[in-house]
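Hi everyone, thanks for making time this morning. I'd like to walk you through one model, so please have a look at it while I talk.

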Amino acid sequence: MPGMRDRNLRSGDLHEEFGIFLLKAVALVAAVPRQEDAGTDAFATLIRPEGTRRLIPDLSFLVQLKSASVTSVQYNTPDEIGWLTALNDPLFIGRVDLKQAKIELFTTQRLHQIVLEHDYEGIELLLDPADENSTTPNVRRANLGP
């Protein structure tokens, strides 16, 4: 609608943009444009300093950025879980805090274990420590840890 902007969408955009900026301190970062965003916000490659001037590209990974208020990320449909389990590159969840100017990165390494355990209908990745027991049948909750 002309003449307005949704506050939540703008906040999400700011968190995403700032998270990408913070990642650039340690990685080469290619942001995924919104129209191409199918679940990841950036593709990043860690940079390793060598000597006084050289930066060597190292390990690459995908990043999904969230705001500091997000405590979990859920994948609840067969398509979402299929996408998640078929990724070839490691996926990290980034949580961006605008007020403190910081980013937290959470590895999704536990997904390998979860996929081997059982064919779940839903997966909830917990960013803050919480009880992993789910009240929803066949949904696996998993703490990603610090």
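Let me start with a term: I call a residue buried under 20% relative accessible area, exposed over 50%, and partly exposed in between, using a 1.4 Å probe and protein chains only. With a relative accessible area of 26%, N138 therefore counts as partly exposed. N138 also has a positive phi of about 60 degrees, although it is not a glycine.

Now some housekeeping. This is a predicted model, so local features need pLDDT of at least 70 and side-chain atom pairs count only at pLDDT 80 or more, while totals for chains, interfaces and linings use all residues. Residues are numbered from 1 along each chain as its sequence is written, and side-chain values use heavy atoms, with hydrogens and water left out.

Helices and strands are DSSP runs numbered from the N terminus; a helix is H or I with at least four residues, a strand is E with at least two. In those terms, N138 is in the loop between strand 7 (122-126) and strand 8 (139-143).

On to the sheet. Two strands pair if DSSP finds at least two bridges between them. Five strands make an open sheet with mixed pairing, in the order 1-2-3-5-6. At the edges we have strand 1 (27-31) and strand 6 (102-107), each pairing on one side only. On average, neighbouring strands are turned by 35 degrees against each other, direction ignored. Helix 1, residues 7-23, packs on this sheet and touches strands 1, 2, 3, 5 (91-97) and 6, and its direction makes about 85 degrees with that of strand 6. Touching, or contact, means heavy atoms within 4.5 Å. For the angles, axes are lines fitted to C-alpha atoms, for helices over the stretch in contact, and values run from 0 to 180 degrees between N-to-C directions.

Let's go across the sheet. Strand 2 (residues 42-50) runs antiparallel to strand 3, with eight bridges joining them, and E50 stands opposite R54 of strand 3. Strand 3 and strand 5 run parallel, joined by six bridges.

Which residue in strand 5 is the bridge partner of S67? It is V96. S67 itself belongs to strand 3, residues 54-67. Beyond its neighbours within four places in sequence, S67 is in contact with H15, R95 and V96. The side chains of S67 and S69 are joined by a polar contact of 3.0 Å; that term means a pair of N or O atoms within 3.5 Å, where within protein one must be able to donate a hydrogen and the other to accept it, and residues adjacent in sequence count only if both atoms are side-chain atoms.

Strand 5 is mostly covered, with six of its seven residues buried. Strand 5 pairs with strand 6 in the antiparallel sense over six bridges, and F92 stands opposite T107 in strand 6. These two strands form a hairpin with four residues between them. In that turn sits A101, which has a positive phi of about 50 degrees although it is not a glycine. How accessible is A101? Its relative accessibility is 44%, so A101 counts as partly exposed.

That's the tour from me; I'm happy to take questions.
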